[in-house]
Amino acid sequence: MEITKDIRHIGVNDHDIDLFESQYHVPDGMAYNSYIIIDDKITVVDTVEIRFKEEWLRRIEEETSGKAPDYLIIQHMEPDHSSNILSFMEKYPEARIVASAKTFTMMVQFYGTDFPERKIVIKEGDTLETGHHSLTFVAAPMVHWPEVMFTYDSVDKVLFSIDAFGKFGANDVPSEGWADEARRYYIGIVGKYGTQVQSVLKKAAAIDIQTICPSHGPVLTENLCYYIGLYDTWSSYRPETEGIVINYTSVYGHTREAVMKLEAMLKEKGAETVVVNDLARCDMSKAIADAFRYSKVVLATTTYNMGIFPFMETFLNGLVERNFQNRIVGVIENGTWAPKAAGIIKGMLANSKDITFTETTVSIKSALNEASEAQLRVLAEELAG
Ligand code: FEO
């Protein structure tokens, strides 16, 4: 696929994967993008997942008409992008490999060599001249690993952004918009590193970018402000959408009943956006992404083994480890003899920045009664107000 006259996409689509990074459901598969820049010197940017070795090498051959590439740039050592380094270097023995010092350290760890006779070590600001094109390296530590280096082609104004601006889903599966699967990808995989993403966005603002070539998902060519704006929102932990997301677990349905009542009360009071997630049954990574998306979050769960129900615990750990912050949070607890869930939830979020708990906490003993339903009504008023 042609991106500019000289830059081609040589990535692959994975429809056999069950879980990306062994944890994320990818019902629409996954894309591993790789690019080739045809110039006086031919440059390949990143490899693809190991299972696609033959297809990827064949694509390189097709684009070069059999001419050997001169350079392989490795921007990130995570194996979904690096695991065909050995096959490339073996097939093209004259090619040089271009990467940061940290990348070469990891290369030895993963693949047993850093090609000492063939390596070109680059650092931020260095430039690789390939003829007409000039490639400048931009450090992007922790987006998503510490060694990550973006590459910027100042001639075609293309930014190769590795995981940034990527999404779940194969490129040959039609998708309804970019944001939902890009958000789930970003929050799940890079969400913890908002500060580092902010600093890379500042660097990106200083360069003229007309095309973004991420390593997953589609090449972005139009309305780049939209994508960059969402990344700015996500990485600064600002709510993306005004709305309320209710996340719950329910053992026998009583907590669920309270949640359904709260949803109805919120709608009666004019709340336009109310989303409900059953944490035992929905996609956990989507629920976590929702918590970062919406401005208000309700957590409803039962006391369980003197702790909280396991799916809620997993969910809260997922929020905390990604630096969840800057949200209004309401809590509904349920317990038959010693409800403790509200205190445990608040304790788990105690070190999260700028969390404002609603004044009302709903405490249910087994099933809703007049008193707890009244609390629910007050909570709905606070949240919808
Ligand atoms: Fe797609 Fe962090 O690798």
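The legends below describe close-up views of a predicted model.

**View 1. Cysteines without a disulfide.**
The predicted model contains zero disulfides. A disulfide would need two cysteine sulfur atoms within 2.5 Å. The cysteine sulfur closest to that of Cys213 belongs to Cys225 and lies 17 Å away, which is too far for a bond. Cys213 is buried, and its relative accessible area is 0%. Cys282, by contrast, is partly exposed, at 26% relative accessibility.

**View 2. An open sheet of five strands.**
The strands of this sheet run in the order β11-β12-β13-β14-β15, and their pairing is mixed. The edge positions are taken by β11 (127–129) and β15 (211–214). Each of these two has a single partner strand, so one side of each is without a neighbour in the sheet. From one strand to the next, the twist averages 25°.

**View 3. The pairing of β14 with β15.**
Which way do β14 and β15 pair, parallel or antiparallel? Strand β14, residues 158–162, pairs with β15 in the parallel sense, and four bridges join the two. In one of the bridges, Val158 has Thr211 of β15 as its partner. The residues of β15 are 211–214, and the buried Cys213 falls in this range.

**View 4. The largest pocket.**
The volume of the largest pocket is about 350 Å³. Its lining consists of 17 residues, and those closest to the pocket centre are Thr302, Thr303, Gly335, Thr336 and Trp337. Helix α8 (254–268) and strand β18 (294–304) each contribute at least two lining residues. Strand β18 has the largest share of this lining, with three residues. By class, eleven of the lining residues are polar and six are nonpolar, and no charged residue takes part.

**View 5. The second largest pocket.**
This pocket holds about 240 Å³ of space. Which residues line the second largest pocket? The lining is made up of Gln23, Tyr24, His25, Cys282, Asp283, Met284, Ser285, Ile288, Thr314, Gly318, Glu321 and Arg322. At least two lining residues come from each of β4 (24–25), α9 (284–293) and α10 (310–321). The lining of the second largest pocket has three charged residues, along with five polar and four nonpolar ones. Cys282, one of the lining residues, is the partly exposed cysteine of View 1.

How many cavities of 30 Å³ or more does the structure hold? There is one cavity of 30 Å³ or more. The space inside the largest cavity comes to about 80 Å³. It is lined by 13 residues, of which Phe150, Phe165, Val200, Leu201 and Ala204 are the closest to the centre. Helices α6 (194–205) and α7 (224–235) each provide at least two residues of the lining. Helix α6 gives the most, with four residues. The lining of the largest cavity comprises 13 nonpolar residues, with no polar and no charged ones.

Methods
Residues numbered from 1 in each chain as written. Predicted model: local features only at pLDDT ≥ 70, side-chain atom pairs only at ≥ 80, totals over all residues. Heavy atoms only, no water. Buried < 20%, exposed > 50% of the residue type's maximum accessible area, 1.4 Å probe, protein only. Pairing = 2+ DSSP bridges. Axes fitted to C-alpha atoms, helices over the stretch in contact; angles between N-to-C directions. 1 Å grid on protein atoms, 1.4 Å probe; cavity = no way out; pocket = protein on both sides within 12 Å on 5 of 7 lines; lining within 4 Å. Points joined across faces, edges and corners; volume = space filled by probe spheres on them. Nonpolar A, V, L, I, M, F, W, Y, C, P; charged D, E, K, R; others polar.
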